[in-house]
Each structure stands twice: as structure tokens, then as C-alpha cells.
Amino acid sequence: MSAVHRLWSKVPRPLDPLRSIKIKLGVVSMGTAVVAVLIVLWGYYLGFFARYTLPVGVLISLGVTQLLAHGMTAPLREMTSAATAMARGDYSRRVRSTSRDEVGELALAFNRMAADLAAVDRQRREFVANVSHELRTPISALRAVLENVADGVTPATPEVVEAALRQTERLGRLVTQLLDLSRVEAGAVPLDLAPFDVGLFVSEVVTEIGTGHPEARVVVDVSAGLTVVADRDRLHQVLANLLENAVRHSPPDGTVTVRARVGRDGPVAGGLMLEVADEGPGIPLAERARVFERFTRGVRVPDGGTGLGLAIVKWVVEMHGGRIVVADSPRGCRIRVHIPGGNS
């Protein structure tokens with residue numbers, strides 16, 4: 001910004017207190033007319049003809065108009081300049097907004113939009129960086145294992161093949177979660193709502209998790225005869241992710257508990273209240289608000305996750321109109337999900 005523009009931007013905006021652009025235009029028009037008439041009358045009183053005083057009055061009126069209308073048009077010019085900068089990828093520009101009229105409201109909305117776009121752009125950059133890092137880690141490990149086997153440095157023992165398989169499975173989970181995440185964000189995941197038995201549903205998911213983690217101890221506590229109206233496949237994704245995290249963070253002799261009951265608390269009674277609790281290190285209070293963000297893992301574990309599971313869980317729960325929170329627990333972590341809908 002040039003020195004002239006900086007100086008001009010400090011000029012007072014006398015019409016800012018007015019709350020309507022129509023009133024401002026009326027004040028400007030009236031001020032211009034009054035100044036022109038006064039100049040003509042003053043010249044007539046001094047003995048000058050109107051053909052001399054009228055041009056002077058018009059010029060002075062234009063100057064008064066510039067001073068009065070300065071605050072009306074400045075935000076529009078700043079918005080134009082900021083929009084041009086945004087087109088080049090610069091989302092740091094903001095518009096000075098001191099008026100209370102429609103232009104001032106537009107400037108405030110523009111600043112909010114600029115802040116939102118800056119946040120989205122920052123999240124996009126972080127997302128790309130995180131995805132690149134997450135993809136590179138299993139690929140690098142898998143490549144190292146295969147190169148060692150191909151060069152004869154490491155024999156192709158069952159343990160080596162199993163290590164390569166684990167990296168492949170990790171890579172597959174990441175790709176699947178990224179696809180799920182993109183579909184959820186695009187709103188391309190319609191819900192297939194239907195009633196189903198919660199007890200049978202929980203047993204199936206626990207059995208599936210037990211197949212992959214035979215050492216895990218999972219305790220199920222489901223109210224008898226409990227049913228819910230929801231998308232069974234998507235809810236399966238929610239519970240499977242929560243159980244996978246709980247088992248991975250629990251100690252070798254720890255117990256994971258799954259509870260399901262009719263919701264009794266919160267703003268909406270009824271529906272399904274689902275809880276998954278483990279006996280691991282838990283989640284610090286300061287990190288609970290961020291644990292459902294993409295690529296946020298909290299406490300690291302040796303085999304690690306992709307940091308996308310809880311983000312997908314949160315979106316699926318919100319698609320059902322529900323909510324998910326990290327509840328207080330004397331030991332470990334307890335995540336509570338509320339799914340509204342009919343139950344019995």
C-alpha cells in the first residue's frame with residue numbers, strides 16, 4: 001500500500017454511525033446540494049455572478065462528497081483488492097470494517113469468508129502433507145523388506161513375510177479410510193436406515209475384532225432386547241474402529257468393555273447409547289477436543305494407526321444426527337456415542 005493510500009485510509013469516515021446505505025446516500029446528496037447553494041448565495045452576497053460562483057460551488061461540493069462518501073466505497077475497493085489477492089492464493093488480506101450499514105455487514109461477511117478459506121487452505125495443505133507421510137511410511141518399510149529378500153540379505157522366512165504383510169495391510173487400511181473420508185466429506189454416502197438387534201450386532205463386531213486380535217479380552221454389556229434404527233453397515237464401521245483403537249491401546253492383560261443401552265442423558269432421550277472403554281493410558285483432557293480430527297493420534301502405540309479412524313467415526317455419527325464424546329473415566333479411555341432413533 002502506497003503512502004497516499006495509507007494516509008487516505010486514516011481519513012475519518014463521518015457517515016459510519018448511520019445504519020443504512022440509503023440514508024447515507026441521502027445525506028451525501030443533501031450535503032452536496034446545500035454546499036453548492038451556500039456558495040452561490042455567498043457569491044451573490046459579495047456581488048459575484050452565479051456563472052462564476054456556481055462552478056466553484058460544484059467543485060467544493062465534489063470535495064465535500066469525496067469526504068462524506070469515503071467510508072462508503074473504501075470497503076468495496078478493499079474487497080476487490082482482497083479478492084484479487086485470494087485468486088493468487090493469498091488469504092491473509094482483510095477488509096477494514098467500521099460502518100454499520102449493508103456495506104459494513106458485507107465487509108464482516110467477507111472477512112469471515114476469508115478466514116474460513118484460509119483455514120480450509122491450511123487444512124488442505126496439512127492433509128496432503130500428512131497423507132504423503134502416512135503413505136510413505138508403510139511403502140518405505142515394505143520396500144526395505146522386499147529389497148532385503150531380493151538381495152539375499154534376509155531369508156524369506158514366515159516372520160519376514162508376515163512383516164511385509166502387516167505393512168501391506170496398513171497401507172490398505174489407509175487407502176480404504178481415505179476413500180471413506182472423501183465419500184463422507186462429499187456427502188456421497190447415503191444412509192440405509194433400518195431397525196436391527198443391537199445385541200446381535202455388537203456380538204458380530206466383537207467376534208470380527210477377536211479374529212484379528214485373538215489375545216484381546218472384550219466384555220459385552222448390552223441391554224436385553226435393545227434395537228435401534230440406523231445404518232447397520234456404517235454403525236459397524238463406527239464400532240469396529242472404536243474397538244480396534246481400544247484393543248490397540250489396552251495393555252496385554254487389559255479388558256475392553258462394550259456397553260449399549262437406551263440413551264437416558266443429553267438433550268434427546270432415547271436412541272442408542274454406545275460406549276467403548278479400555279484400560280490403556282487414556283486421553284488427556286487437553287487433547288480430547290482434537291482426537292476426532294484427521295491424523296490426530298494422541299498417545300502413540302508401536303504398531304500405530306493412520307489417525308483417520310476416529311475422524312471417520314465422528315462423521316458417520318454426525319450423519320446419523322448423533323454425537324460422540326470422550327467421556328470421563330477413572331482409568332483408560334471411554335468413548336461414548338449417542339445415535340438418535342427408535343428403540344425398544
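# Notebook: salt bridges, cores and loops

I began with Glu-204, which counts as partly exposed because its relative accessibility is 40%. The model I am reading is predicted, and I keep that in mind for every entry below.

**Entry 1, the Glu-204 pair.** I looked for the partner of Glu-204 and found a salt bridge with Arg-232, in which the closest N and O atoms are 2.6 Å apart. Arg-232 has a relative accessibility of 27%, so I list Arg-232 as partly exposed. A search over the whole structure gives seven salt bridges.

Is Glu-275 buried or exposed? Its relative accessible area is 2%, so Glu-275 is buried. I then checked the side chain of Glu-275 against that of Arg-334 and found a salt bridge at 3.8 Å, N to O. Here too the link is between distant parts of the chain, from Glu-275 in strand S5 to Arg-334 in strand S7, 59 residues apart. Arg-334 counts as partly exposed because its relative accessibility is 21%, where the buried class requires a value under 20%. Glu-275 forms a further salt bridge with Arg-336, for which I noted 2.7 Å between the closest N and O atoms. That pair again connects strand S5 with strand S7, with Glu-275 and Arg-336 61 residues apart. I recorded the whole group as a network of salt bridges that links Arg-261, Glu-275, Arg-334 and Arg-336.

Which residues touch the most other members of the largest nonpolar core? In this core of 39 residues they are Leu-235, Val-238, Leu-239, Leu-242, Leu-243, Leu-272 and Val-337. I traced where the core comes from and found that at least two residues each are supplied by helices H6 (198-212), H7 (232-249) and H8, and by strands S3 (227-231), S4 (255-262), S5 (272-277), S6 (323-327) and S7 (334-339). Helix H7 gives the largest share, eight residues. There is also a second, separate core of seven residues, and Met-79, Val-95, Phe-110 and Ala-114 are among them.

I picked Val-258, which is found in strand S4, and listed it as buried because its relative accessibility is 0%. Leaving aside residues up to four places away in sequence, Val-258 touches Val-202, Val-218, Val-219, Val-220, Asp-221, Leu-239, Leu-243, Leu-274 and Glu-275. For one of these, Leu-239, I noted a C-alpha to C-alpha separation of 9.1 Å across 19 residues of sequence.

Ser-250 lies in the loop between H7 and S4, and I count Ser-250 as buried because its relative accessibility is 14%. A polar atom of the Ser-250 side chain lies 2.8 Å from the backbone oxygen of Ala-246. Beyond residues up to four places away in sequence, I found Ser-250 touching Val-256, Asp-278, Glu-279 and Gly-280.

Which residues of helix H8 (residues 309-319) are buried? I listed Gly-309, Leu-310, Ala-311, Ile-312, Val-313, Val-316 and Val-317. Just after H8, Gly-321 takes a positive phi of about 80°. Gly-322, in the loop between H8 and S6, has a relative accessible area of 17%, so Gly-322 is buried. With residues up to four places away in sequence set aside, Gly-322 touches Val-317, His-338 and Pro-340. Gly-322 and His-338 are 16 residues apart in sequence, with their C-alpha atoms 5.4 Å apart in space.

I turned to the outside and found a nonpolar patch formed by Met-30, Val-34, Val-37, Leu-38 and Leu-41, with about 480 Å² of accessible area together. Leu-41 belongs to helix H2 (residues 21-46) and counts as exposed because its relative accessibility is 51%. I set beside this that an α-helix has 3.6 residues a turn, so residues three or four places apart point the same way.

**Entry 8, whole-protein values.** I counted eight helices and seven strands, and of the 344 residues 37% count as buried. The accessible surface comes to about 19800 Å², with 62% belonging to carbon and sulfur atoms. Among contacts between residues at least 6 apart in sequence, 69% join residues at least 24 apart.

Notes:
Residues numbered from 1 in each chain as written. Predicted model: local features only at pLDDT ≥ 70, side-chain atom pairs only at ≥ 80, totals over all residues. Heavy atoms only, no water. Patch = residues over 30% accessible without salt bridge, like charges linked within 9 Å, V, L, I, M, F, W, Y side chains within 5 Å. Areas by Shrake-Rupley, 256 points an atom, 1.4 Å probe, with all protein chains shown as cover. Salt bridge = Lys/Arg side-chain N within 4 Å of Asp/Glu carboxyl O. Helix = DSSP H or I, 4+ residues; strand = E, 2+ residues; numbered from the N terminus. Buried < 20%, exposed > 50% of the residue type's maximum accessible area, 1.4 Å probe, protein only. Core = buried A, V, L, I, M, F, W, Y, C linked by side-chain atoms within 4.5 Å. Polar contact = N/O pair within 3.5 Å; in protein donor to acceptor, adjacent residues only side chain to side chain. Contact = heavy atoms within 4.5 Å.
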